[in-house]
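Please read them beside the model.

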Amino acid sequence: HCVIKQNDSHSFTDISYILNSKIWKVRPFLIEYKTETSELQKSICNPLVEFVELPDTFEFHSYISAIFETIKRIKLANSTVHSDRIFHRSLRKYKGKIKIVLNYLPKGHRTNIKNIENYLFHFLVSHCHHDLSVAMLITGQNNFLGGVHMHYTTISTHHLASTYVTATKILINKIMFDKNQDQIQIDTIPLPIQDGYVGSRLCPTHNFLQSFIQNLIMTLQDPNLLKDDWKNYHNLYTIYTIMMQGFSTGYREVGNPYVTNKNISKLELNNHKILQITPISDKDNSKFYKTRISLITDKTIQQLNHYQQHRQKVISKLHGSNRIFHKNAKSKSFFLFLDQTVTEVRPKTIKHVIGEKFPLPLNVNRRYIRTNLLNMEINPDTINAFMGHWGSGTEYWGAYSSMAYLQHAERLIPALTEIASGLGWQAIKSMVVSK
């Protein structure tokens, strides 16, 4: 459904064309939520907008302007005509006319209205190799396989407009309407001035995450905290380590699969580079359908080594003071001190410690990572294999998969390292060890 508007307004249908601005406004397909986000959460997440603005790369305005001029002449010649509407008939009748035009094509063309409607979507995915979520946000069309992708993707409208221009530039060069017509200088078409994001909600801003991480590091480097309450220091140091590996591996918000040193393996590539990998099985079943191999950045490895030293020091500290605490702590790879007990690290216990310092779900690491990997133009299949996003017929880690993951990993590990470094994650030694 398309509504042609001569002036911008606040009422739009799914797709609108603004004539004086020469832009399309598309309402993207979005996930429906049953809960509301708080004002605090909105203030620290990427601001969402309702529509995506796309430039008129096909010079659609020239056709619409000509139609409006024709309408003006008709109104001057016939005083009984008062409507400025371009489309007067039902959508069904217009589709019937399109079918008549398609019948003039050579036999065997197999072109129909449905193929035309879906052409841009499939062109973005198959020819331009964009993620399903990107195609869904640009075209406004839904796709069954892209539902999970949409839940973890928040793309800037500027990025989508730029992607649209790049794709339509290819199309324009392939389907010129007149062989004698000069090619459209698409590089000179300005992008719409729109500041915002579309997609999943609760994707934290870079500034918030960077500030949160920096404050946590400064707290852990404060000797007064260790002196006043060493158990609280241990809790924060544990959470720092857990969250750091979450932004390295992209694991889900569950109590297990926290990475430990004993589960990490080294893999040497043909170029003598060393990849450090670990299996992850989050929200899985007894068949391990969602089990995958994840990459670990060097700084995360260093932090895990520091934490192992810290853990041993804390356990030895408990040995002479509290045998029950000592026994419980020794049986856990990661543990917290809560309510006079030693408890396992889980999402609920983490939230109990950090509280309003991090007023977002812990799985926002997945939204932030996936969005940034897409912005860095990492292959969508690589991203989905890393994130654990697949379904029947697209099992990247299945027995019959032909994905050369090691080749993808060589591009993925530098991207993950860049994301972590940009946020300010550091491998920091525990003051419990150095004391």
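1. The count of cavities of 30 Å³ or more comes to one. A cavity here is a set of points on a 1 Å grid over the protein atoms alone where a 1.4 Å probe fits but cannot get out. Points are joined across faces, edges and corners, and volume is the space filled by probe spheres set on them. The volume of the largest cavity is about 150 Å³.

2. Lining residues have an atom within 4 Å of a point. There are 13 of them for the largest cavity, and I242, M243, Y251, L362 and N365 are the closest to its centre. Helix 10 (230-249) and helix 13 (347-354) each give two or more residues to the lining, with helix 10 supplying the largest share, four residues.

3. The model is predicted: local features need pLDDT of at least 70, side-chain atom pairs need pLDDT 80 or more, and totals for chains, interfaces and linings use all residues. Residues are numbered from 1 along each chain as its sequence is written, and side-chain values use heavy atoms, without hydrogens or water.

4. Helix 16 (residues 405-423) spans 26 Å from first to last C-alpha over 19 residues, close to the expected 27 Å (1.5 Å times one less than the number of residues). Helices are DSSP runs of H or I with at least four residues, strands runs of E with at least two, numbered from the N terminus. Just after helix 16, G424 has a positive phi of about 100°.

Conventions:
1 Å grid on protein atoms, 1.4 Å probe; cavity = no way out; pocket = protein on both sides within 12 Å on 5 of 7 lines; lining within 4 Å.
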